[in-house]
Each structure stands twice: as structure tokens, then as C-alpha cells.
Amino acid sequence: MFFRARWKRIFSFGLGLVILLLLIRTYALDEGGASVVTNVILVGGTGDLAKKYLWQGFFNLFMDVQQGGHHLHVYGAAREGYQQGSELLEKILQDHVKCLEEDCSGRMGIYKNQVKYVQLKTLEDYRSLCQVLDAGTTSENGRLFFLSVPPFAYHQIVEYIDTVCRPPDPETWLRVVLEKPFGHDLRSAQDLASKLSQHLKEEEIYRIDHYLGKPGVRTILPFRAENQELYDPIWNHKHIEYVEIAMKETLDVKGRIHFYDKYGVIRDVMQNHLTEVLALIAMEIPKELTPASIQQSKLHLFREILPVTSSQTLVGQYADYLQEWTEETKQNPGNVTLTPTFAASALFVNNHRWRGVPFVLLSGKKLLEKLSYVKVVFRNRAICPSSVSWDRDANCETKQIIFILSQSESDSKYPHILVSKGLPLPELPGAVFIEEVESGHEFQIFSKSVSDYHVFSTREEDAYTKLISSCYNGDTSDFVDTDRLMASWLIWNNVIRELKGHRPRLYTTSQAQTGWLNFEVKGQNLQYTLQETAFQEDSVHSSFTVGYEPGTTSFRGKPLFQGKAEDILNELARFIHDSAVSAIEDRGSFHIAFSGGKSPRPLFSKLSKNFQDVFPWTHTHVWMVDERCVPPSDPRSNFKALQDYLLEDINIPHFNVHPMPIELINGLCSPGDKGPEIYAAEIARNIPTDRLDYVLLGVGSDGHTASLFPGSAALNEKSLRVTLTSDGSEDAVPQRMTLTYRTINEARNIGILILGADKRDIVQLIASGQENSSHEKYPILGVKPSNGTLEWYIDDEAFGQQSGH
């Protein structure tokens with residue numbers, strides 16, 4: 001059966017390649033000897049982003065370049081087989097690509113017919129496609145890969161591109177477009193950037209922030225540059241009171257909670273979109289608006305922004321989020337999430353121009369309106385003794401310049417730029433025009449009539465269309481380079497860490513409209529205007545209460561989770577799930593090692609039942625901490641317990657399961673078979689850093705952990721990662737294989753699970769200070785992570801009278 005399936009896949013691949021070769025040959029003939037061609041490969045071409053925006057954006061590019069005599073060869077790539085992928089791509093193009101101008105139906109038909117599907121899954125898939133590209137009969141202008149895939153896949157794909165897909169002509173450019181998120185903190189961003197730099201030059205990386213392609217955002221810098229002489233004398237701390245940069249949304253995050261709960265509003269939009277907008281407002285305007293000078297000026301500004309602190313930040317969470325999270329991620333009742341859906345931060349720029357001016361960034365879900373804007377508010381020192389019954393005096397009104405960045409498509413009434421009439425009348429950059437407000441169609445904006453402003457607009461254009469065109473033309477102005485990405489994370493990294501575990505203010509849409517989320521700047525800090533009453537504090541606190549409070553209790557100086565066995569097992573399962581999601585996002589896979597014994601078995605049931613549908617098993621690798629030297633079918637086998645209680649109930653790839661090699665050529669745990677060396681090599685082969693993401697340990701009644709027993713020579717092993725031990729004889733199986741302290745302590749996360757009344761004595765001993773006799777007496781005390789976390793999970797029965805520790 002295996003060989004039949006294998007030959008079927010080979011035949012399918014061969015058929016797809018033959019068809020692809022014929023199609024490429026057809027393109028060359030159809031172009032009638034076209035002199036220049038650009039190859040575009042959209043990886044993830046059948047995904048949601050591609051459906052909604054990218055195929056339309058590439059069609060708009062196709063229209064533009066044809067008018068200049070250039071040609072595009074466009075490939076939609078995904079992991080599906082050729083036939084299934086081709087049919088899916090054809091339907092996507094039919095349903096989602098539209099003519100946006102007259103007389104384009106003919107060219108749209110040409111575009112849809114010439115877009116072809118290719119399967120890109122393995123190195124050989126990339127090699128086959130790029131051999132075809134290399135053999136083209138026309139001169140290749142450039143090669144553009146757009147990666148519309150999860151970030152964990154970036155490293156593998158760019159490695160394939162670098163290995164087999166670089167254009168053979170050094171004059172032909174290569175560009176790779178990446179979608180956010182670019183890490184979830186500074187460290188993960190640095191790690192991803194390091195991996196990309198192994199295979200791509202900086203000028204080949206185009207990190208796309210689609211927000212920078214919005215028309216309202218793109219007007220800011222040209223407007224400032226056109227009016228530099230007019231406004232520069234008042235564009236500073238002496239004349240500007242504050243700058244407000246906001247992104248308000250009416251929608252919830254249903255359908256995105258698996259992603260959103262990991263990131264929250266600060267990572268999702270403030271660290272990237274809104275900080276980039278701040279740069280456009282506050283950066284020094286270069287003498288020439290070239291891509292390089294714009295990038296450099298933004299970077300200089302970013303490095304002058306002071307890191308945000310928790311006292312400068314307020315967070316909230318819409319009232320229904322917890323219930324939506326519970327349902328969508330299949331949580332147990334009582335579990336909580338503190339992920340903010342609303343946040344506001346005051347940022348300060350440490351330079352002469354902006355000394356002391358707060359840049360207030362705010363964003364939230366489930367607010368009353370969908371509107372994003374920048375409001376530059378000028379100081380008003382005028383004192384006007386005119387009669388209160390007279391018409392308003394414009395000199396006494398607050399003056400401001402407002403940039404509308406985006407708004408509801410169903411009610412897009414706001415112009416892109418509004419300038420108070422008390423300010424000098426601006427000059428207009430080329431793409432901006434005066435907008436006439438028709439009589440009888442006046443409306444209020446920020447408590448003022450639109451007639452109080454000079455109003456201007458620009459032509460609407462899809463953000464992805466603009467950015468795809470910029471990438472094609474090599475314009476990096478609106479893309480994020482590595483230095484600026486790191487500078488941005490430096491601004492936000494500390495506050496994200498400080499707010500971990502911070503309780504957000506609950507709000508409803510109506511509360512947000514009636515002032516519940518209003519706040520004020522106090523010095524350099526932010527404070528909600530309305531304070532919670534004692535009743536509200538108790539009510540809100542109860543919404544976030546669980547049986548114990550993580551982080552408020554410790555055991556031997558490390559976080560302790562204590563309570564009923566059911567509760568701590570739920571918490572441990574949830575933490576392992578979150579660790580898996582985070583590891584896969586950062587590194588593409590999650591590697592967890594389970595110890596033997598009875599304690600992990602109820603945890604296996606939690607993972608297989610409660611998390612079966614949401615745990616990322618496809619990208620998870622399961623390893624063993626230790627194993628008894630018995631046949632795999634023996635009831636005492638740790639692997640048999642793992643298989644019976646977990647593996648049989650989950651959908652995990654066979655090759656992702658790594659049992660210890662205890663039975664090889666010469667029998668059970670024969671030193672001549674070098675089983676420990678084989679297992680250590682398998683770890684090194686599958687985990688480039690040799691660091692397991694999570695190690696789950698138990699504790700025996702004698703203080704042993706893994707198969708590291710009191711007095712064992714393995715306790716002092718410094719070089720080996722895996723070893724044989726022969727000191728445990730409690731179940732008549734004296735010989736075992738085990739990970740050493742070195743491997744355990746290098747893990748990113750370690751959890752120690754202790755359940756049951758029979759562990760009460762050892763818990764009391766290691767809690768009471770008698771551990772001073774060293775880890776040789778109680779081996780669990782040798783577990784000391786070198787650069788990772790350690791957490792204790794101990795149930796009430798194991799604690800006994802020690803529950804107050």
C-alpha cells in the first residue's frame with residue numbers, strides 16, 4: 001500500500017511538471033518574443049489573504065506593466081497536489097479578481113489564463129519550478145516571491161529559494177515579501193531576522209506592513225514635505241500640545257482568537273502599524289524623498305523614542321472576549337485570558353523638537369465606530385475677551401490637523417486631510433485635491449463642524465495594490481527593514497513583559513462610548529478618568545478569578561501552581577498548549593519530552609481529550625525523558641503508557657514520535673548498541689539548537705526524577721546528553737535510559753508535576769530545607785534551568801499541611 005501511494009505521488013508530480021513545462025513554452029510563444037519578463041510566485045496562493053487582496057493586487061500590477069511593454073509570469077503556489085490546487089486556484093481567480101476600470105475584461109481573461117498553479121512543498125518542488133524559470137527564452141527582469149504563509153514557514157522557504165531559486169543572471173533581481181507578524185517580542189524577532197539573513201541579503205527582504213499602503217497614511221509625508229517651510233516652524237513642542245494616533249474598530253475577533261490571544265492589541269497593531277504612523281508624523285523630512293533617506297530618517301526617529309512603560313499604558317478587554325475565547329479554544333470553565341483588546345500608550349521622543357510632547361497611541365476592538373486617524377493638536381494661548389453671544393472667533397478655537405487613515409467602507413464620509421481654518425492654508429501635493437463639502441451635508445468631526453476645516457482628499461487605492469507595485473519597482477519606502485524592526489521592538493518589548501498577568505479593564509461597546517475608557521495624560525503617565533468603584537473592582541476581579549493565582553505563590557523560589565489535581569492539570573495542559581503555539585510560530589516546530597511514571601497519565605488524557613482539536617500536533621515532536629529497559633509491549637514501558645494514554649487518541653505524524661532506542665541488535669539496552677548516542681544524535685538532527693521546548697518531569701518518593709536516582713553515577717555526567725543508568729530497582733527493572741541534567745537543564749521550559757498523598761513526605765523534605773545534602777541525595781534538586789523557566793505543579797494531596805508554602 002505504501003509503495004502504491006508513493007508511485008501515485010510520483011506520477012502526480014511528474015504529470016504536473018510536464019504540464020508546467022508545456023505551459024511555460026506556450027507563454028514564450030504567446031508573447032511573440034517579449035524582451036523582458038518578471039516571474040511572480042505567490043506562495044500560499046490559495047489562502048484567505050491571497051483570495052481577498054493579493055490576486056487582485058497582482059492583476060492590477062499585470063495591467064500596469066503591460067502598458068509599459070513588460071510581462072508578468074504569475075504562479076500560484078501551495079501545498080495541495082496539482083489537480084486539486086489548479087481547480088481551487090481557478091475558482092479563486094473567478095470569484096475574487098474584478099475589473100476596476102472600463103475595457104479590461106479582455107486583459108483580465110488573459111491574466112486568469114496565464115496564472116498557473118504549482119505545488120511547492122519540498123526542495124525538489126522548488127528546484128523543478130526554478131529550473132523552468134531559468135530555462136525561459138526571454139530576458140528575466142526579476143523574480144518576486146510573495147510568502148503569504150505563517151511566519152514559522154519563512155526560514156525553510158527562504159532556504160529553498162536561496163538554494164535552488166536564485167536567478168542565474170546576477171543582473172536579475174530577487175525580492176521576497178514577508179507578512180507580519182515579524183516575531184512576538186524582541187528576542188523572537190532577532191531570531192527570525194538572523195535566520196533570514198543566512199539566506200537573503202537585506203535588500204532582498206521586503207517586510208510588508210499593509211497599513212503603510214493605505215491612501216490616508218500615504219498622504220502624510222508628501223503633505224509634510226510640500227508644506228515644510230509653512231509648517232516646520234510650528235511643528236514642535238513649543239506649538240503642539242499632543243498627537244493622537246488611533247485605530248478604532250467595531251468588530252470582535254471571532255475566528256481569529258487562536259492568533260489574537262497570543263498577540264493582543266499591542267503586538268497586533270500598536271508595535272507596528274501605529275508606531276510606523278508616528279514616524280511619518282515625527283521624523284525629520286529628508287532633503288530628498290528617496291527610499292533610502294526615508295528609511296534612514298524613520299530609523300533615526302525610532303531610536304529617539306523612549307521605551308514604553310506600564311505606567312504609560314492602559315489596557316482593556318471587551319466583556320464578551322472571555323466567553324468567545326473559552327468556546328473557540330475549547331477551554332474548561334474557570335480558565336481565563338488576560339489578553340487586552342484595547343490599549344492606550346503615551347510615547348515620548350527624546351529630541352529637541354518633540355521634548356515633552358505625548359504621542360498617544362490607542363486601539364481597540366468592539367468600539368462604537370470604525371475609524372483610524374492622526375490628530376495633531378496645537379497649543380492655544382489666545383485670550384479672547386469678546387462677548388459670549390457673538391459668533392465664534394476662530395483665533396480662540398483649538399487648532400488641529402487631522403489625517404483620516406481609514407474608515408468604514410459603508411460610511412466613508414470623512415475627507416483624508418482636515419486643517420483648522422485658523423492655521424495657514426496648506427499647499428497640496430500632487431495626489432491631493434480640495435474636497436468641496438456640499439451645502440446641507442455638514443457633519444461633526446471631533447465636536448466641530450466640518451466647515452471649520454479646510455478639507456482635502458486623495459484618490460482611493462487598495463493598499464496591497466500600492467505595495468505590490470512598490471515592491472515590483474524596488475521602492476522600499478513603505479517596507480520595514482531589519483534595523484527599524486528591531487528598534488520598534490525595543491520601544492515595546494519592556495511594556496509587553498511588564499503587562500503580562502495585568503488585569504485589563506472590562507468594557508462593553510456602550511460603556512466605551514459613555515466615557516468608561518476615557519483617560520488623561522498625567523505627567524508622562526496615563527490614567528483612566530473614571531475610576532472603578534469597590535463593587536466594580538470586585539465584580540471585574542471575579543471574572544478573572546481561578547482556583548489559584550499564578551505567580552503569587554512560589555516553591556523553592558520558582559512559580560507554584562497548587563490546588564486540586566483537576567485544576568493544576570488543566571493549567572499545565574493549557575500552558576503546554578500555549579508553549580506549543582508560541583514555539584511553532586517562532587521556530588516552526590514544538591519539541592516536548594515526557595517522563596515516565598503514573599503522574600503524567602491524567603495529563604495525557606487532558607491533552608488528548610480537551611485539546612485534541614486545537615493542539616498543533618502536526619508540528620509537534622514527542623520525546624522521552626526516560627525509559628525502562630523492557631520490550632515496548634511490557635506494561636512497565638513508559639512508551640507503552642504514552643501510546644495508550646495519548647498517542648492513540650491524537651493525530652500526530654508517525655515520524656514526529658521519538659521513542660528511546662532501548663532494543664536494538666544485541667538486546668535490551670546493550671552498551672554495544674550505543675542506544676544513548678543514537679538518541680542524542682536524533683535530538684541533534686531534529687532540533688538544531690539541541691534545546692527541547694518543554695520537559696515534563698515527575699518526582700519519585702525517594703526524590704529521583706527522570707531515571708536519575710540517588711547515588712547514581714549519571715548525576716555527575718557533564719558531557720553526555722543521554723545515558724544508561726542502573727541504580728533504580730524499585731520495580732525490578734534496574735537498567736534504564738535517561739536524559740541527563742545537561743539536556744534537561746538546557747530546555748526552554750521545565751514543568752515538575754507532583755500528584756497524590758504518597759508524595760507528601762518528599763514534598764515536605766524538599767520544601768523544608770533538608771535539601772542541603774545536595775542533589776545526590778534528592779536528584780530533583782539538580783534540575784536548574786540554565787536559560788529557561790521552571791514551574792512546579794503540586795496538588796493539595798501532595799502538599800498536605802504544607803499548602804501554605
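User: What makes the count come to five cavities of 30 Å³ or more?

Analyst: On a 1 Å grid over the protein atoms alone, a cavity is a set of points where a 1.4 Å probe fits but cannot get out. Points are joined across faces, edges and corners, and a volume is the space filled by probe spheres set on them. By this rule there are five cavities of 30 Å³ or more. This is a predicted model, where local features need pLDDT of at least 70 and side-chain atom pairs pLDDT 80 or more, while totals for chains, interfaces and linings use all residues. Residues are numbered from 1 along each chain as its sequence is written, and side-chain values use heavy atoms, without hydrogens and water.

User: What is the volume of the largest cavity, and which residues lie nearest its centre?

Analyst: The volume is about 180 Å³. Lining residues have an atom within 4 Å of a point; 20 residues line the largest cavity, and K180, F182, Q271, N272 and L485 lie nearest its centre.

User: Which element gives the largest share of that lining?

Analyst: Helix 11, with eight residues. A helix is a DSSP run of H or I, at least four residues, numbered from the N terminus.

User: How many residues of the protein chain are called buried, as a percentage?

Analyst: Buried means under 20% relative accessible area with a 1.4 Å probe, protein chains only. Buried residues make up 55% of the 805 residues in the protein chain.

User: What share of the contacts join residues at least 24 apart?

Analyst: A contact means heavy atoms within 4.5 Å. Among contacts between residues at least 6 apart in sequence, 78% join residues at least 24 apart.

Conventions
Buried < 20%, exposed > 50% of the residue type's maximum accessible area, 1.4 Å probe, protein only. 1 Å grid on protein atoms, 1.4 Å probe; cavity = no way out; pocket = protein on both sides within 12 Å on 5 of 7 lines; lining within 4 Å. Helix = DSSP H or I, 4+ residues; strand = E, 2+ residues; numbered from the N terminus.
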